[in-house]
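Thanks for asking me to look this one over.

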Amino acid sequence: MVPFLNVIHDLYLKQLLSVFSWKQWMSSKGHRDEASRQTATQESGIMRSAARAGCPSPTFIMMVFTAARLYTPLEEIGDPLLFVQDGAITKVSSRAQSETPQGASLLDFGDAILAPGFVDIHMHGGTGVDVMQASPADLARLGKWLTNNGVTGYFPTTVAAPIDQTCAALERIADVIEATRDSTATNGKTPRARPLGIHLEGPFLSHKRRGVHPPEYLAQPTLEVFECLWQAARGHVGMMTIAPELPGALEVIAEAARRNVCVSIGHSDADLASAQAGVKAGAHHATHTFNAMRPLDHRDPGIVGEVLTDNQLSADIIADGIHVSSAVVQLFLHAKGFDRSVLITDATAAAGMPDGRYQLGPMEVEVKAGRCTIDGKLAGSVLTMDRAVRNVAILGGWSLRNAVRAATLNPAHAVGLSPQQGVLSIGSEANIVVLSPTGEVRKTIVRGLTS
Ligand SMILES: [Zn+2]
């Protein structure tokens with residue numbers, strides 16, 4: 001364990017407390033806040049002028065990380081230097097351009113790659129924890145386990161269940177989102193992936209394409225039901241999967257989009273026109289492309305035709321070699337390209353556990369040899385995000401950098417989290433995965449704290 005925590009002189013901390021409150025302001029501002037970069041720059045400026053104004057000389061340890069390469073991920077930097085203070089990135093540079101400041105603590109990861117921590121926008125659990133049943137302590141355990149896979153932020157994802165169970169789960173998850181949102185890197189806690197928002201996978205799904213979601217708990221889309229879920233989640237719904245062809249769906253899509261929810265079409269039997277109507281109403285993403293969707297037919301392209309051809313849409317896929325054949329993963333990557341392809345795990349509580357039976361909302365899944373099923377139907381996965389990234393690099397012939405992009409910047413952008421998440425740039429949270437040259441996770445850093 002390396003001494004990662006910034007050491008800040010007590011007196012200096014008090015004097016600068018008002019300066020640091022920018023972070024709380026940033027998190028309260030929520031999504032798509034371009035001003036955050038500017039604010040971070042202002043922060044460094046304010047600290048410099050405070051020092052000039054004669055404040056006591058602070059013991060203000062800056063962490064500097066270096067390795068062989070760094071993926072922002074839009075760019076690759078050789079011999080990088082990544083500067084971290086108080087859990088946030090203050091500078092991204094190369095050894096040729098910058099020097100390590102005196103007093104800074106330098107950590108060299110040798111031949112490794114520094115990349116943004118992975119962001120999983122569709123996952124139901126792992127290491128035996130099902131997010132719909134989980135207590136705050138369970139979610140803390142899940143968050144710790146996720147860092148083994150390079151994940152630093154995730155969207156706990158619901159399944160169709162009795163409304164009271166769903167609402168109780170949403171309240172519990174909202175509690176943890178709020179409890180972990182404002183903690184800083186200086187609190188001495190173990191690094192854990194954080195829940196960043198909630199993904200409602202259901203109840204507004206097609207009966208015909210429900211997968212394993214129990215039919216008795218599916219609902220027709222109405223503003224009333226949506227409002228009820230929204231209230232239970234206290235506004236932390238960041239993503240919603242919905243079948244756009246259902247009566248009432250377009251109205252709910254429009255309202256959810258108005259509230260900055262990433263509306264994602266999926267679990268759907270939509271024809272092309274209905275899928276396009278969903279996009280026109282405000283959907284801009286698609287959930288586990290090909291799975292639980294009306295299949296592509298060359299004279300009846302349906303929802304898959306829309307997902308693959310519409311450049312307004314980003315889309316995600318489960319690249320575990322089980323849910324979609326590798327040839328079709330390649331087709332998907334080709335269609336959505338480097339900027340709109342998103343990797344998800346759709347992992348269940350069984351991920352990271354031996355074969356057996358595990359909870360998935362109100363259901364029980366059976367896991368045998370890497371397949372998660374209920375009555376023979378696929379029911380989520382045991383995929384981890386680091387493996388998904390390596391699979392895409394191998395199956396898709398993509399560079400590791402672009403595969404990483406599909407697990408970092410692209411999902412963060414799809415759900416409106418960038419520029420604070422999914423990217424290594426000034427003002428971003430210091431969420432970093434240290435990868436081997438072939439994409440294995442060596443270390444995960446959350447807000448400057450190392451695993
Ligand atoms: Zn799912």
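What share of the contacts in the protein chain with a separation of 6 or more comes from residues 24 or more positions apart?

1. **The chain overall.** The answer is 72%. Please keep in mind throughout that this is a predicted model. The protein chain holds 13 helices and 25 strands. Of its 451 residues, 52% are buried.

2. **The main core.** The largest nonpolar core contains 128 residues. Helix H5, residues 163-181, gives the most to the core, with six residues. Both domain 1 (10-114) and domain 2 (118-423) supply at least three residues each to this core. As general background, nonpolar side chains in soluble globular proteins tend to be buried together.

3. **Ile242 up close.** Which residues does Ile242 touch once its neighbours within four places in sequence are left aside? They are Phe204, Pro221, Ala249, Val252, Ile253, Val263 and Ile265.

4. His267 sits in the loop between strand S15 (262-265) and helix H8 (272-281). Is His267 buried or exposed? His267 has 26 other C-beta atoms within 10 Å, and 20 or more is the cut-off, so it counts as buried. Setting aside neighbours within four places in sequence, its contacts include Leu205, Ser206, Arg209, Arg210 and Gly211, as well as Thr241 and Ala243. Thr287 and Ala292 are also in contact with His267. As for Thr241, it is 26 residues from His267 in sequence, while their C-alpha atoms are 7.5 Å apart in space.

5. **Helix H4, with a quick length check.** Helix H4 covers residues 136-148, which is 13 residues. At 1.5 Å a residue H4 should span 18 Å, and its end C-alpha atoms are 19 Å apart, so the two values agree. The buried residues of H4 are Leu139, Leu142, Gly143, Trp145, Leu146 and Thr147. Among the elements that cover these buried residues are strand S11 (151-158), H5 and strand S24 (441-446).

6. **The six-stranded sheet.** This open sheet runs in the order S3-S2-S7-S23-S24-S25, with mixed pairing. Strand S3 (76-78) and strand S25 (449-450) are at the edges with a single partner strand each, so one side of each has no neighbour in the sheet. S24 and S25 pair in the antiparallel sense over two bridges, and Val446 is found opposite Leu449 of S25.

7. **The S4 and S5 hairpin.** Strand S4 (residues 80-85) pairs with strand S5 (residues 88-94) in the antiparallel sense, over six bridges. Leu82 comes up again here, with Val92 in S5 as its bridge partner. Two residues lie between the strands of this hairpin, where Asp86 takes a positive phi near 50°.

8. **The four-stranded sheet.** Here the order is S19-S20-S21-S22, in an open sheet with antiparallel pairing. Which strands stand at the edges? They are strand S19 (356-360) and strand S22 (377-378); each has a single partner strand, so one side of each is left without a neighbour in the sheet. Strand S21 (residues 371-374) is joined to S22 by two bridges, and Ile374 stands opposite Lys377 in S22.

How values were computed:
Residues are numbered from 1 along each chain as its sequence is written. This is a predicted model: local features need pLDDT of at least 70, side-chain atom pairs count only at pLDDT 80 or more; totals for chains, interfaces and linings use all residues. A nonpolar core is a set of buried Ala, Val, Leu, Ile, Met, Phe, Trp, Tyr and Cys residues joined through C-beta atoms within 7 Å. A residue is buried if 20 or more other C-beta atoms lie within 10 Å of its own, exposed if 12 or fewer, and partly exposed in between; C-beta atoms are placed from the backbone. Domain bounds come from an automatic or database domain assignment. Two residues are in contact if their C-beta atoms, placed from the backbone, lie within 7 Å. The expected span of a helix is 1.5 Å times one less than its number of residues. Two strands pair if DSSP finds at least two bridges between them.
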